[in-house]
Amino acid sequence: MPDDVLEEYLRQHIEASLGPDVIFSWHGGEPLLAGIDFYRKALEFQKKYKPFSYNVYNGIQTNGVLLNREWCRFLAENNFYVGISIDGYEELHDRFRIYNDGRPSFAKVIAGYRLLQEYNIRNEILCVVNSVNVQKPLEVYRFFKRFGAEFITFLPLVIRDVTVPGKVSDISVPAEDFGRFLCTIFDEWIAGDIGRIKIQIFEEAVRPAFGQEHTLCIFKKTCGGVPVVEHNGDFYSCDHYVDEEHLIGNIKSDTLSEMLRSERQRSFGQAKFNTLPQYCINCEVRDMCNGECPKNRFITAPSGEAGLNYLCSGYKMFFRHIKPFADAVGAEWRRRNG
């Protein structure tokens, strides 16, 4: 990203924020490839445009192979939050996360994760759940526990096969296997890890029981609040829809505020709810899911209605499994708080 585009983006992002907290999420590709100097410039621009009463926070998602002491000193000194991608123990991780020449990446990633811990950098493990590691839920979870993980996100891998309607690639996670994976880990987590380990999907699932809105975009009723600004300043509705149809504008000619409030962006976000099949509308756990991400809605409901989420059966299995727990803790919270 050229310096002028970077500065303009950061200025507009801060101006578009209501404050007092402004959050920047740096994603790629691999965002560490931009180099430390890129982020030093970004921090300077943030300081330049940040109102005195505002707080700026930076998060970065990395595959971890470039993490070293220089990077970790920088990240620690500037209070970055780091997401690091680890898909389980060595055999599982190296099944798909390899270098272009076929070399495994596990050793480098784990070394990077250890450095994050050594430098006391707030971090979260992002585990992409695929067709292989989904068969080893407890092994994956216990591996992360042994490494001292405190925050974990499980992200289902869904790669649509556009040549065959309703089909996915061989490495995609089977829907019901994903549901069983989450149920198995939840049962172990609830038995001894509540309050010690935070698992994103578990926290999101209980929010409706407390009368709270979801914070994760895939479970919100509508979307459109997590757009993407590319290196050239192009603004897209969502990182899953970086295509011509969802190109809203460019920060060099339109402001972020204008594009976020534009009719096209609002319509994109509202379509998530408006296009829910009746099967979802009538679902007893709809408030936990809200149809999940629109990018995964490409199968048909039992009634034959189009637009059901590929992961529906897995999510329904999981949300039904934890609903008694969610209802119980929600009721207790309401009792204590009048």
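This is a predicted model: local features need pLDDT of at least 70, side-chain atom pairs count only at pLDDT 80 or more; totals for chains, interfaces and linings use all residues.
1. Of its 87 residues, the ones touching the most other members are Trp26, Phe144, Phe154, Ile199, Phe318 and Phe319. Helix α7 (residues 175-192) supplies the largest share of this core, eight residues. As background, nonpolar side chains tend to be buried together in soluble globular proteins.

2. Leaving aside residues up to four places away in sequence, Phe319 touches Ala205, Phe219, Val285, Met288 and Cys289. There is also a second, separate core of five residues, with Leu276, Ala301, Leu308 and Cys312 among them.

3. Next, helix α2 (residues 36-49) and helix α3 (residues 69-77). They pack at an angle of about 10 degrees, with their axes 11 Å apart. Because angles under 35 degrees count as roughly parallel, α2 is roughly parallel to α3. On the α2 side the contact involves Ile36, Tyr39, Arg40 and Leu43, and on the α3 side Glu70, Trp71 and Phe74. By class, this contact has five nonpolar residues, two charged and no polar ones.

4. Staying with α2, its 14 residues reach 20 Å from the first C-alpha to the last, close to the 20 Å expected at 1.5 Å a residue. The buried residues of α2 are Ile36, Phe38, Tyr39, Ala42, Leu43, Phe45 and Gln46. Their cover includes α1 (3-16), β1 (21-26), β2 (55-62) and α3.

5. Apart from residues up to four places away in sequence, Gly112 touches Gly64, Leu67 and Ile84. The C-alpha atoms of Gly112 and Val329, 217 residues apart along the chain, are separated by 37 Å.

6. Two cis peptide bonds deserve a check. One runs from Gly19 to Pro20, with omega near 0 degrees, and Pro20 lies in the loop between α1 and β1. Another runs from Gly28 to Gly29, with omega near 15 degrees; Gly29 lies in the loop between β1 and α2.

7. Asn120 has a phi of about 55 degrees and is found in the loop between α5 and β4 (123-129). Glu292 has a phi of about 50 degrees and sits in the loop between α12 (286-289) and β10 (297-300). Asn120 counts as exposed, at 69% relative accessibility, whereas Glu292 is buried, with a relative accessible area of 2%.

Notes: Residues are numbered from 1 along each chain as its sequence is written. Side-chain values use heavy atoms; hydrogens and water are left out. Axes are lines fitted to C-alpha atoms, for helices over the stretch in contact, and angles run from 0 to 180 degrees between N-to-C directions. Helices (H or I, at least four residues) and strands (E, at least two) are DSSP runs, numbered from the N terminus. Angles under 35 degrees count as roughly parallel, over 145 as roughly antiparallel, 65 to 115 as roughly perpendicular and the rest as oblique. Contact means heavy atoms within 4.5 Å. Ala, Val, Leu, Ile, Met, Phe, Trp, Tyr, Cys and Pro count as nonpolar, Asp, Glu, Lys and Arg as charged, and the others, Gly among them, as polar. A nonpolar core is a set of buried Ala, Val, Leu, Ile, Met, Phe, Trp, Tyr and Cys residues joined through side-chain atoms within 4.5 Å. Buried means under 20% relative accessible area, exposed over 50%, partly exposed in between (1.4 Å probe, protein chains only). The expected span of a helix is 1.5 Å times one less than its number of residues.
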